[in-house]
Amino acid sequence: MKGGSILKYKDIKTLYQIVDINEEYIVTMYDNILTRVYIYEITPVVLFDINEERKNNILNKYKEILKQINFDFEVLMINQKFDIDKYINKLKNNSLVNEKNKSIYFEYVKELKEKILNENIYETIYYIVVSFANINNLNVENVDKVIKKFADIGCNVTRISGKDNLVNILNNTINRREM
């Protein structure tokens with residue numbers, strides 16, 4: 001199959017033994033045990049253009065965060081085609097586009113789109129997946145507090161919410177485009 005066609009695998013509900021997907025989490029059942037699954041998107045820290053002292057501070061804070069983790073988790077990496085429009089929207093929201101620099105910004109966006117549109121550029125999206133097998137002893141607030149500490153070292157962390165967003169992430173783990 002050529003040209004970016006999608007290779008379909010199993011249905012996500014069957015593959016992951018999903019009982020329910022709501023706005024905040026996924027419920028699965030393995031061996032008659034209900035498990036609640038939360039997914040966090042995390043943007044990594046870029047370490048190659050910073051001085052050694054700053055790099056060491058980041059690594060020390062990272063070690064401290066790892067020591068505070070008292071729950072099971074997995075790191076999920078998904079490679080997908082670079083979405084130029086999503087990048088431009090993020091850039092627009094993060095920058096100060098005013099009358100003074102508006103023309104420069106739009107010229108930059110135009111050139112960027114022309115250069116990237118026909119390229120096969122991929123990006124890696126990172127997720128932290130946290131599962132709770134004992135739903136009665138659930139403390140997602142504690143998990144949120146620990147995971148959000150990654151922001152202290154420069155990572156952007158967001159708990160994924162919305163049924164459609166959760167379903168899209170699950171679909172991206174099993175339905176791959178040919179490269």
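1. A residue counts as buried when its relative accessible area is under 20%, as exposed when it is over 50%, and as partly exposed in between. Asp 144, at 13% relative accessibility, is therefore buried. The terms are used in this sense throughout the points below, which concern a predicted model.

2. Overall make-up. The protein contains six helices and eight strands. Along the sequence these elements follow the pattern β-α-β-β-β-α-β-α-α-β-α-β-α-β. Of the 179 residues in the protein, buried residues make up 27%.

3. The core. The largest nonpolar core has 20 residues. Within this core, Tyr 40, Ile 147 and Phe 150 have the most contacts. Two or more residues come from each of E4, H2, strand E6 (122-132) and H5. The largest share is that of H5, which gives four residues.

4. Salt bridges in general. Side chains of opposite charge can pair when their charged atoms come close. The structure holds four salt bridges.

5. Arg 159 and Glu 24. These two residues form a salt bridge, and their closest N and O atoms are 3.3 Å apart. The pair links distant parts of the chain: Arg 159 is in strand E7 (residues 156-159), while Glu 24 is in the loop between strand E2 (18-21) and E3, 135 residues apart. Arg 159 is partly exposed, with 22% relative accessibility. Glu 24 is also partly exposed, and its relative accessible area is 34%.

6. Arg 159 and Asp 144. The side chain of Arg 159 also meets that of Asp 144 in a salt bridge, at 2.5 Å from N to O. Asp 144 belongs to helix H5 (residues 140-148) and Arg 159 to strand E7, so this pair ties together parts that are 15 residues apart in sequence. The two partners fall in separate classes of accessibility, since Asp 144 counts as buried and Arg 159 as partly exposed. Together, Glu 24, Asp 144 and Arg 159 are linked in a network of salt bridges.

7. Lys 113 and Asp 85. Another salt bridge joins the side chains of Lys 113 and Asp 85, with an N to O distance of 3.2 Å. Lys 113 lies in helix H4 (residues 102-116) and Asp 85 in helix H3 (residues 84-94), so the contact ties together parts that are 28 residues apart in sequence. Lys 113 is partly exposed, at 33% relative accessible area. Asp 85 is partly exposed as well, at 42%.

8. Helix H2. This helix covers residues 52-68, which makes 17 residues. From its first C-alpha to its last it reaches 25 Å, close to the 24 Å expected at 1.5 Å a residue. Its N-terminal end is capped by Asn 51, where a side-chain oxygen lies 3.2 Å from the backbone nitrogen of Glu 53. H2 is also one of the elements that give two or more residues to the core.

9. Strand E4. Thr 35 has its place in this strand, which spans residues 33-43. Thr 35 is buried, with a relative accessible area of 11%. Thr 35 and Ala 133 are 98 residues apart in sequence, yet their C-alpha atoms are 4.3 Å apart in space. Like H2, strand E4 gives two or more residues to the core.

10. A surface patch. Val 19, Met 29 and Leu 34 make a nonpolar surface patch of about 220 Å². Met 29 is found in strand E3, residues 26-30. The relative accessible area of Met 29 is 31%, so this residue is partly exposed.

11. Backbone angles to check. Gln 17 lies in the loop between helix H1 (12-15) and E2, and counts as partly exposed at 36% relative accessibility. Asn 32, not a glycine either, has a positive phi of about 60°. Asn 32 is located in the loop between E3 and E4. With a relative accessible area of 73%, Asn 32 is exposed.

Methods:
Residues are numbered from 1 along each chain as its sequence is written. This is a predicted model: local features need pLDDT of at least 70, side-chain atom pairs count only at pLDDT 80 or more; totals for chains, interfaces and linings use all residues. Side-chain values use heavy atoms; hydrogens and water are left out. Patches are made of residues with over 30% relative accessible area and no salt bridge: like charges are joined within 9 Å, nonpolar side chains (Val, Leu, Ile, Met, Phe, Trp, Tyr) within 5 Å. Accessible areas come from the Shrake-Rupley method with a 1.4 Å probe; for residues, only the protein chains shown count as cover. Buried means under 20% relative accessible area, exposed over 50%, partly exposed in between (1.4 Å probe, protein chains only). The expected span of a helix is 1.5 Å times one less than its number of residues. A polar contact is a pair of N or O atoms within 3.5 Å; within protein, one must be able to donate a hydrogen and the other to accept it, and residues adjacent in sequence count only if both atoms are side-chain atoms. A nonpolar core is a set of buried Ala, Val, Leu, Ile, Met, Phe, Trp, Tyr and Cys residues joined through side-chain atoms within 4.5 Å.
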